[in-house]
Structure formats: C-alpha cells, structure tokens
Amino acid sequence: MTTDDKLKAIWAGCLNNERKQEELFYKLLAPRMLTVCMRYAHDRDEAQDILQEGFIKVFSQMHTFENRGAFEGWVRRIIVHTCINILKKNKKFNESVDIIHATGLQIREDSVPAIIQAKQVVECIRLLPIGYRTVLNLYAIEGYSHREIAGMLDIEESTSRSQYTRAKAMLEDILLRKKILQKPKQDINWLVAGSQR
C-alpha cells in the first residue's frame with residue numbers, strides 16, 4: 001500500500017468525523033507541511049500557526065477532494081494557499097514588492113555547490129525579504145508559473161519575474177557570505193528545488 005493509498009484510507013475515516021483518523025492524518029502529514037510553512041513564515045511559531053490554519057481548511061474542505069492526483073499534493077496546495085493568504089494580510093508583504101534590496105547584485109546561474117544541506121538553504125531563503133522569499137518558493141519549489149503567481153499575489157507577471165530574479169541573486173549573495181557556497185558550480189535553481197525536502 002502506497003503512502004497516498006494509506007492517506008486515502010485514513011481520509012475515509014476523517015469523512016466520517018472519526019477523531020482518531022483525523023489525528024492520525026494530521027500526524028502523518030504535519031511534519032512535511034510544517035516544512036512548507038517554514039519557507040514562507042518569519043519563524044517557527046508563525047509557521048505552526050499557519051499549519052494549524054491550513055489543516056482547519058483541509059478538514060473543512062475534505063468533501064471537495066475528487067480523487068484526482070496525489071492526495072498529499074492536494075493538501076500541500078491548500079497549505080501553500082493558506083501561507084499566501086496570511087502573507088497577503090501582512091503589511092510588510094504588500095510593501096515588499098519594492099525591489100530596492102537587490103541593486104548591484106550580479107546573477108550567476110552556475111553558482112551552487114553539488115551537495116548542500118537543505119536546512120541551511122531554508123534558513124538562507126528565510127533571510128530574504130518576504131516578497132522575494134514568497135515568489136522564490138512559489139516558482140522554484142512549488143512549480144507555479146509567473147502568471148499563476150501574479151494572480152495569487154495580485155501583482156504583475158513582470159513583477160513576479162523580477163522578484164524571482166532578484167531573489168536568486170540575493171540568495172546567492174547570502175550563501176556566499178555564509179560560506180555555504182564556495183564558488184560558482186551549478187544553477188541556483190537546483191539548490192532551491194533541493195531545499196523542499
């Protein structure tokens with residue numbers, strides 16, 4: 001039985017309002033979904049708050065799952081949208097579309113070490129201004145297009161592209177300063193995508 005099949009079996013109990021099945025479902029997915037929240041949140045406490053709100057939405061929308069695609073992917077989309085909705089309520093997020101922070105940084109697409117710890121990368125991503133961090137997460141890790149991101153964040157598609165470009169440059173600069181990145185070797189997209197696990 002695959003993890004997805006196991007989740008669907010537990011979900012059947014959740015649909016019948018079986019408390020133990022709801023707890024089991026939460027325990028199985030919460031650690032992975034907390035990792036998602038950590039990439040968007042300011043700190044662990046905020047990430048846990050977002051996680052709780054996200055799971056409330058998951059349970060309240062349980063009847064909308066149509067058995068298409070991976071079950072965990074459906075939950076992840078709800079968690080990501082919860083992160084975005086909370087960020088959009090944040091005044092700092094709305095002001096962060098300002099792109100002053102990355103002036104003067106040169107982008108090198110070939111600048112990531114072959115092996116790096118995901119925890120270090122996530123910590124560095126969290127140092128980015130909230131707007132940069134959000135677009136970087138949505139595009140490089142979650143796989144949304146710039147058009148989709150623009151719709152989600154109520155910004156122009158060109159703004160999403162420039163935020164992403166500047167986020168990569170700023171992330172590279174942080175990695176170099178923290179000596180996580182020694183010298184240019186690989187595309188930064190590989191590093192960011194690897195940090196989702």
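Visitor: Which residues is Ile-10 in contact with, leaving aside its neighbours within four places in sequence?

Guide: Ile-10 is in contact with Gln-21, Leu-24, Phe-25 and Leu-28, where contact means heavy atoms within 4.5 Å. This is a predicted model, in which local features need pLDDT of at least 70 and side-chain atom pairs count only at pLDDT 80 or more, while totals for chains, interfaces and linings use all residues. Residues are numbered from 1 along each chain as its sequence is written, and side-chain values use heavy atoms, with hydrogens and water left out.

Visitor: Good to know. Where is Ile-10 found, and is Ile-10 buried or exposed?

Guide: Ile-10 is found in helix 1; helices (H or I, at least four residues) and strands (E, at least two) are DSSP runs, numbered from the N terminus. Ile-10 counts as buried at 5% relative accessibility. Buried means under 20% relative accessible area, exposed over 50%, and partly exposed in between, with a 1.4 Å probe and protein chains only.

Visitor: On to helix 2. What span should its 22 residues have?

Guide: Helix 2 covers residues 19-40 and should span 32 Å at 1.5 Å a residue; the expected span is 1.5 Å times one less than the number of residues. Its end C-alpha atoms are 29 Å apart, which agrees.

Visitor: Where does the kink in helix 2 lie?

Guide: The kink lies at Ala-30, shortly before the proline Pro-31, and comes to about 45 degrees. The bend at a residue is the angle between axes fitted to the seven residues ending there and the seven starting there.

Visitor: And which residues of helix 2 are buried?

Guide: Among them are Phe-25, Leu-29, Ala-30, Met-33 and Leu-34, and the list also includes Glu-22 and Arg-39.

Visitor: Glu-22 is a charged one. Which residue does the side chain of Glu-22 meet in a salt bridge?

Guide: The partner is Arg-19, at 4.0 Å, N to O. A salt bridge is a side-chain nitrogen of Lys or Arg within 4 Å of a carboxyl oxygen of Asp or Glu. Arg-19 and Glu-22 are three residues apart in helix 2, so they are separated by about one helical turn. Glu-22 is buried at 16% relative accessible area, whereas Arg-19 is exposed at 58%.

Visitor: Why would residues three or four places apart in an α-helix point the same way?

Guide: An α-helix has 3.6 residues a turn, so residues at that spacing point the same way.

Visitor: What else does Arg-19 form a salt bridge with?

Guide: Arg-19 also forms one with Glu-23, the closest N and O atoms being 3.7 Å apart. Those two lie four residues apart in helix 2, about one turn, and Glu-23 is partly exposed at 37% relative accessibility.

Visitor: How many salt bridges does the structure hold?

Guide: The structure holds nine. One of them joins Arg-32 to Glu-72, with closest N and O atoms 3.0 Å apart. This pair links distant parts of the chain, Arg-32 in helix 2 and Glu-72 in helix 4 (residues 71-89), 40 residues apart. Both residues are partly exposed, Arg-32 at 38% and Glu-72 at 22%.

Visitor: Changing topic: how many residues has the largest nonpolar core?

Guide: It has 56 residues, and those with the most contacts inside it include Trp-11, Phe-25, Phe-55 and Ile-79. A nonpolar core is a set of buried Ala, Val, Leu, Ile, Met, Phe, Trp, Tyr and Cys residues joined through side-chain atoms within 4.5 Å. Among the elements giving two or more residues to this core are helix 1 (3-15), helix 3 (44-60) and helix 9 (157-177).

Visitor: What does Phe-55 touch?

Guide: Not counting residues up to four places away in sequence, Phe-55 touches Phe-25, Tyr-26, Leu-29, Ala-30, Met-33, Val-75 and Ile-79.

Visitor: Where does Arg-44 lie, and what is Arg-44 in contact with?

Guide: Arg-44 lies in helix 3 and is partly exposed at 46% relative accessible area. Beyond its neighbours within four places in sequence, Arg-44 is in contact with Leu-34, Met-38 and Arg-126.

Visitor: Last one: how many helices and strands does the protein have?

Guide: The protein has ten helices and zero strands. Buried residues make up 45% of its 197 residues.
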